[in-house]
Amino acid sequence: MEHTPPRRDHNDKEAVSTATASATPTDDGTFINASGHREQLDRNFGITIAIYNGGPPGVIYEFIAVSIFYWLIGASIAELASSMPTAAGVRAVYHWATITGGKYGRMAGFFAGWWNFLGWLLALASVCQIVGAQTVSMYAAFHPEFVAQQWHVFVSFLAITWISYATVLLANRLLPMCESLGGFFTITGVFISIVVCAAMPTANGKPHASNSFVWKDWVNSTGYSSNGFVFLLGMLNGAFAVGTPDITTHLAEEIPNPSVNIPKAILAQFVIGFSTTFFYIITIFYGITDLDTVLEESTRYFPLAAIYRQATGSAGGTLGLLILSFLPLFIACIGLYLTASRTFWTLARDNATPFSDFFSQVSPRYRNPANAILLCAVFSTLLGCIYVGSKTAFSAFVGSFVVLTTLSYLTAILPHLLHKRATITPGWFWMRGATGFIVNGISVAYIIVFIIIFCFPFSLPTNPALMNYNALITGGLTIFVAAFWVYRRKEYVGPRQVTLAENEMLAKDAI
């Protein structure tokens, strides 16, 4: 049964339902959700999925809420980073969990390191797929008759994956410049996108979306009866936008006085990230004139292209904005390769991986862990092959990124709290008195509660194609890590405590 969704006028309050509704099955076994659409979208994380969890107001308020909790997690991590700005920045969470874990530190560090690595590896595959879909959308912007297929995205995925691999392997000395360019393209691209999306509808004689559509009209298209639970479930989409609080700690060996500057960098990361994302999502929502078309664009793999097309009114404008987001995302792929490979190499140096002798090697020719970099490229490619066969299976893997990385933070923060914050020497940034206990306690509670919530199905009723497999993937990977811990625990060598004085000296040597 084919279903043609009705068009909605954003100025008509009745057009955007605030009622709770459930998905209903069709004759062929697929589902029609409350917005009137056949469930064609594989439930990963993106702008369309976020819209299902409350509409534009849900996206905005869920992002604000999750940002507040991640600020607290960021403060907890900044405190650890200030106390232990480990010289090997990619091993930060791994190092902290080992130290704060006390007598269980070796095991805590082992799990934290593996969870962190697996999270980064899945993030790498996810971003490569996003960039691949984005390139296909660039072509589609000028070819309306073109119908994207999964193999189109896969071919682009492979190109992005192996170009990023070659860059990390062969252009070691250019990587710091790539990081700087990534920051420049991100800030510049967001600013230009905001200006264009805000100005072009008026220039083209088209109305912006109504204030009610952006700020008030709640849309629950998930099938859950509780709007409160839908709000909590939708916070996972905001978590993807917030990013990873530990990312700036990976620069510990590249900056002077890391005990002071890393907490400042974490603060800057959250202030800039929140401000740019907040104004960006508001602007693009005001640029939407036909929400149904945006949701239907899920079949073209990159719905943001539909929003840009509505905001600019032209294929050229759409392509320009897509390029602005493509550049920092491509550089992000390079950064993810760098982080994932260095993290695995660090684990291999401590005999925490299979074939540690092989993966702990540094190539004398390329002056980097070439074997670990190749491993990440191979696994990313294998995940891409899964995407060709089943987008549901691919989404199941990459969707576990947030859960795995957040678990690694929990492994460092929870022991710190349980040991009454007494196992480490305070650094430049230290939350004194009750403040530290409150911030750490809320961070731990949030992580535990939301790891459970993030494993619930995305919508009801569910089926194998729409099921949330976070629990299965995270649990399966954790069982693998636990089994390998039992096998390797006697030979495993964890990181040692590094004093602030040693960290300062190592940081100076790295400049």
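## Close-up views of a predicted model

By class, the 16 residues lining the second largest pocket are nonpolar, with no polar and no charged residues among them. The structure shown in these views is a predicted model.

**View 1. The second largest pocket and its lining.** The second largest pocket has a volume of about 340 Å³. Of its 16 lining residues, Trp 114, Phe 117, Leu 118, Leu 121 and Phe 379 are the closest to the centre. The elements α4, α14 and α18 (470–488) each give two or more residues to this lining.

**View 2. A nonpolar patch on the surface.** The patch is formed by Trp 162, Leu 374, Val 378, Phe 379 and Leu 382. Together these residues have about 410 Å² of accessible area. Helix α14 (residues 370–389) supplies the largest share of the patch, 4 residues. Leu 374 is found in helix α14. The relative accessible area of Leu 374 is 36%, so this residue is classed as partly exposed. Phe 379 belongs to the patch and is also one of the residues closest to the centre of the second largest pocket.

**View 3. Met 107 and Trp 485.** In sequence, Met 107 and Trp 485 are 378 residues apart. In space, their C-alpha atoms are 7.7 Å apart. Met 107 lies in helix α4 (residues 105–141). With a relative accessible area of 35%, Met 107 is partly exposed.

View 4. How many salt bridges are counted in the model? The count comes to 1 salt bridge. Side chains of opposite charge can pair when their charged atoms come close. Here Arg 421 pairs with Glu 79, and their closest N and O atoms are 2.6 Å apart. The pair links distant parts of the chain, 342 residues apart. Arg 421 sits in the loop between α16 and α17, while Glu 79 is in helix α2 (residues 55–83). Are the two partners buried or exposed? Arg 421 has a relative accessible area of 6% and is therefore buried, the cut-off being under 20%. Glu 79, at 0% relative accessibility, also counts as buried.

**View 5. Lys 420 in the loop between α16 and α17.** Lys 420 lies in the loop between α16 (401–418) and α17. Its phi is positive, about 55 degrees, although Lys 420 is not a glycine. Lys 420 counts as exposed because its relative accessibility is 65% and the cut-off for that class is over 50%. Arg 421, in this loop as well, is buried.

**View 6. Asn 351 in the loop between α12 and α13.** A positive phi also occurs at Asn 351, a residue other than glycine, where the value is near 60 degrees. Asn 351 is placed in the loop between α12 (315–349) and α13 (356–359). The relative accessible area of Asn 351 is 21%, so the residue is partly exposed.

**View 7. The cis peptide bond at Pro 461.** Leu 460 and Pro 461 are joined by a cis peptide bond. The omega angle of this bond is about -10 degrees. Where is Pro 461 placed? Pro 461 is in the loop between α17 (434–453) and α18. Helix α18 is also one of the elements that give two or more residues to the lining of the second largest pocket, shown in View 1.

Note on methods. Residues are numbered from 1 along each chain as its sequence is written. This is a predicted model: local features need pLDDT of at least 70, side-chain atom pairs count only at pLDDT 80 or more; totals for chains, interfaces and linings use all residues. Side-chain values use heavy atoms; hydrogens and water are left out. Patches are made of residues with over 30% relative accessible area and no salt bridge: like charges are joined within 9 Å, nonpolar side chains (Val, Leu, Ile, Met, Phe, Trp, Tyr) within 5 Å. Accessible areas come from the Shrake-Rupley method with a 1.4 Å probe; for residues, only the protein chains shown count as cover. A salt bridge is a side-chain nitrogen of Lys or Arg within 4 Å of a carboxyl oxygen of Asp or Glu. Buried means under 20% relative accessible area, exposed over 50%, partly exposed in between (1.4 Å probe, protein chains only). On a 1 Å grid over the protein atoms alone, a cavity is a set of points where a 1.4 Å probe fits but cannot get out, and a pocket is an open set with protein on both sides within 12 Å along at least five of seven lines; lining residues have an atom within 4 Å of a point. Grid points are joined across faces, edges and corners, and a volume is the space filled by probe spheres set on the points. Ala, Val, Leu, Ile, Met, Phe, Trp, Tyr, Cys and Pro count as nonpolar, Asp, Glu, Lys and Arg as charged, and the others, Gly among them, as polar.
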